[in-house]
Each structure stands twice: as structure tokens, then as C-alpha cells.
Amino acid sequence: MPRLSPATARLLATSLIALASTAPAAAQGQPQMNLPRIEITAGMHRIEAQVAASPQERQTGLMHRKEMPAHEGMLFVFEQPATQCFWMRNTLLPLTAAFVADDGTIVNLADMKPQTEDSHCSAKPVRYVLEMNQGWFAQKGIKPGSKLVNAVVFNAKK
């Protein structure tokens, strides 16, 4: 795959966030299934991630989902790096959150129990959080320090 120039990568990242911001919102109490999707790789493993970039999309996240295919997840995109904290209100699936630095490095992982309000936070300021089915990262041997790759999202200079 050709390498993107920093300017092109910035433009694509901005476009991705803008596209996600215009996606239709999920109805109250319904899972959001129609967010834009991107492919992320973790070593040899492929992830199809829905992108939650607007405040409403991030707030709804994976709530109300009864199932999620093993290779799918949700990437939460924030405007600026900050300590990100997640909980599982109205979330039916056990999930693991990967808190991810701008360069795609996993900072820390947190296993989260369904339908709880326990707070799970990043160990340092991050802009991205990737939620996957609980156990996915462990089964693949993906740990803090591992890299997620998507040239548009993680390699763009911000």
C-alpha cells in the first residue's frame, strides 16, 4: 500500500471524523449499526471497526448490542488526547477497551463487565479507544505496547 504524505493523511483523518459526525444517530434504546467502518490491523489480525466520532455516537457506543462478530469492534475517536474513562451502562456484551495513543500504540487494556457503571480509564491521555469482545486481545496475544495500524487514523500527524 502506498505511504500517504502527512498532509494527505491529515485530510483523510479529518474527512473520516466529519463523515462519522454526519452518520445517522441510533434511536433511543437501539444499537447503532450504521456508523462508518474502517479496517485496523493488529499484527496479522484484521479488525473491522465502526467509528464513533461525535459526542452522541461515543455516548451510545456499543449499548444495546446483543452480539458482535469476533473480528468487529468500535473505535471511539476524540478531538484531543485526554484521560478517557468508559463504563458499561446499557451495554449487554462483556468488552475489553484498548486505550490507544496517536501512533496506534496500546497504552493499556481494561476488561469491562456488562451493565455496570464501574469506571475504566486510560493510564495516560489518549485520543482513541477500541472496544472489542472481551478476551479478543488476550486470545491474539495483543498487549499494552502492541501497535494498531490504520494509515489514515493512527499515522496522521495531528
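Guide: Start with burial: a residue is buried under 20% relative accessible area, exposed over 50%, and partly exposed in between, using a 1.4 Å probe and protein chains only. The model is predicted, so local features need pLDDT of at least 70 and side-chain atom pairs count only at pLDDT 80 or more, while totals for chains, interfaces and linings use all residues. Residues are numbered from 1 along each chain as its sequence is written, and side-chain values use heavy atoms, leaving out hydrogens and water.

Visitor: Is Ser 146 buried, partly exposed or exposed?

Guide: Ser 146 has a relative accessible area of 21%, so it counts as partly exposed. Across the chain, 45% of the 158 residues are buried.

Visitor: Which elements does the chain contain?

Guide: Elements are DSSP runs numbered from the N terminus: helices are H or I with at least four residues, strands are E with at least two. Here there are three helices and eight strands, in the order α-β-β-α-β-β-β-β-β-β-α from the N terminus. Ser 146 lies in the segment after α3 (136–140).

Visitor: How many strands form the open sheet, and in what order?

Guide: Two strands pair if DSSP finds at least two bridges between them. Six strands make up an open sheet with mixed pairing, ordered β1-β2-β3-β8-β5-β6. β1 (37–42) and β6 (106–112) each have a single partner strand, so they stand at the edges and one side of each lacks a neighbour in the sheet.

Visitor: Is β6 mostly covered or mostly uncovered?

Guide: β6 is mostly covered, with five of its seven residues buried.

Visitor: What does Ser 146 touch?

Guide: A contact means heavy atoms within 4.5 Å. Leaving aside residues up to four places away in sequence, Ser 146 touches Gly 104, Thr 105, Ile 106 and Gly 141. Ser 146 and Gly 104 are 42 residues apart in sequence, and their C-alpha atoms are 8.2 Å apart. For the chain, 69% of the contacts with a separation of 6 or more are between residues 24 or more positions apart.
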